[in-house]
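Here is a friendly walk through one model, meant to be read with the viewer open. Have a look first, and then we can go through it together.

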Amino acid sequence: MYFGWVMLLLNGGNGRVRRGLSLPVFGHVATLGYGIYLLRIPLWGFLGPTVYAFGSRSGRPTWIVWALGVELLMAGSLTGAYALHVLAEGPFLRLRDRLAS
């Protein structure tokens, strides 16, 4: 259902949605996408219990604790994916290009 709405919005030529989704930041995040995918589950395995323990001790509402956990997961995944890209993916892609030529 949502796919149809997105296609309808994007099909409008040079509309605001299409221009917004073509911003360079989305290209950079897409470059880090696989690293984010790889890191999200192990990172949540570490962050999840910590965040919920903090929430239960502090007496904060559940939605605030959940929002904090999501923010920490997003920040940690992006940071870790960037580190993986710089330290592992980038050098191996350069090596591949050098060996393939």
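Helices here are DSSP runs (H or I, at least four residues), strands are runs of E (at least two), and both are numbered from the N terminus. Two packed helices are described by the angle between their axes and the distance between the axes. For α4 (residues 33-58) and α5 (residues 62-100), the angle is about 145° and the axes are 8 Å apart. The axes are lines fitted to C-alpha atoms over the stretch in contact, and angles run from 0 to 180 degrees between N-to-C directions.

Contact means heavy atoms within 4.5 Å. On the α4 side, the contact residues include Gly-35, Leu-39, Leu-43, Leu-47 and Val-51, and on the α5 side they include Val-65, Gly-69, Leu-73, Ser-77 and Ala-81. By type, the residues of this contact are 16 nonpolar, 6 polar and 1 charged. In that count Ala, Val, Leu, Ile, Met, Phe, Trp, Tyr, Cys and Pro are nonpolar, Asp, Glu, Lys and Arg are charged, and the others, Gly among them, are polar.

A few notes on how to read the values. Residues are numbered from 1 along each chain as its sequence is written, and side-chain values use heavy atoms, with hydrogens and water left out. Because the model is predicted, local features need pLDDT of at least 70 and side-chain atom pairs count only at pLDDT 80 or more, while totals for chains, interfaces and linings use all residues.

Both helices bend. A kink of about 40° sits at Arg-40 in α4, shortly before the proline Pro-42, and α5 has a kink of about 45° centred on His-85. The bend at a residue is the angle between axes fitted to the seven residues ending there and the seven starting there. The 39 residues of α5 should span 57 Å at 1.5 Å a residue, and its end C-alpha atoms are 52 Å apart, which agrees; the expected span is 1.5 Å times one less than the number of residues.

Now for burial, where buried means under 20% relative accessible area, exposed over 50%, and partly exposed in between (1.4 Å probe, protein chains only). The buried residues of α4 are Gly-35, Ile-36, Leu-47, Gly-48, Val-51 and Gly-55, with α3 and α5 among what covers them. In α5, the buried residues are Val-65, Gly-69, Leu-73, Ser-77, Ala-81 and Gly-90, and α4 is part of their cover. Leu-32, in the loop between α3 (24-31) and α4, counts as buried because its relative accessibility is 11%. Trp-66 in α5 counts as exposed because its relative accessibility is 51%.

Some pairs separated in sequence are listed here by C-alpha distance.

| Pair | Apart in sequence | C-alpha to C-alpha |
|---|---|---|
| Leu-32 and Thr-79 | 47 residues | 9.5 Å |
| Leu-73 and Leu-39 | 34 residues | 9.4 Å |
| Trp-66 and Gly-48 | 18 residues | 9.2 Å |

Leaving aside residues up to four places away in sequence, Leu-32 touches Leu-78, Ala-81, Tyr-82 and His-85. With neighbours within four places set aside, Leu-73 is in contact with Arg-40, Leu-43, Trp-44 and Leu-47.
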